[in-house]
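Hi everyone, thanks for coming.

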Amino acid sequence: MSAPAPAPEERSPPPWAPLLLALGVLLLATAARHERLVLTALATLVLLPSLWRLLTRKWRPGDVLRGLGMGFITSHVPLLLGAFSTWARPECRIHLCLDGVIAGVPYVPWAGLLGTLLYWAWAPPPPPPAEWPPPPPRA
């Protein structure tokens, strides 16, 4: 009997050179107080590893539905944050003031999209489906 072969590595490493370059640009732009360059470098630092993970992910059945479910759940976060922002006012403790909830409405689709992408990019893939045991022999 021989030892089982080691499982191949599921994740490949992200592209480190562009990430380090984006980090250097972020540091220089922060020192120079150049806002657009800071935002661009920060978005690159977030999006590049996420995109790399999406492209190299081992997709299994159910991943799309789970990601859409996570997007549905995270789309409610701006509404909840808006509702919680009105708790400091005494008149809103008894009755819900809708101005905070309505303020979060424009961010609902973006929060849903972000939740879906982050789930697909960083959640571990589900385990492979278990195989059914063979049926018992008939006598």
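Phenylalanine 84 is partly exposed, with a relative accessible area of 47%; buried means under 20%, exposed over 50% and partly exposed in between, using a 1.4 Å probe and protein chains only. A quick word on the source: this is a predicted model, where local features need pLDDT of at least 70, side-chain atom pairs count only at pLDDT 80 or more, and totals for chains, interfaces and linings use all residues. Residues are numbered from 1 along each chain as its sequence is written, and side-chain values use heavy atoms, leaving out hydrogens and water.

Which residue forms an aromatic pair with phenylalanine 84? That is tryptophan 87, with 5.0 Å centre to centre and 75° between the planes, an edge-to-face pair. Rings of Phe, Tyr and Trp (its six-membered ring) pair if their centres lie within 6.5 Å; planes under 30 degrees apart are stacked, over 60 edge-to-face, the rest tilted. A search of the whole structure finds one such pair. Tryptophan 87 is exposed, at 52%.

Now, aspartate 63: buried or exposed? Aspartate 63 is buried, with a relative accessible area of 0%. You'll find aspartate 63 in helix H3, residues 63-74 (helices are DSSP runs of H or I, at least four residues, numbered from the N terminus). Beyond four places in sequence, aspartate 63 touches Arg57, Lys58, Tyr119, Trp120 and Pro126, where contact means heavy atoms within 4.5 Å.

Let's follow one of those partners. Leaving aside neighbours within four places in sequence, tyrosine 119 is in contact with Arg57, Asp63, Arg66, Gly67 and Met70.

Technical notes: Helix = DSSP H or I, 4+ residues; strand = E, 2+ residues; numbered from the N terminus.
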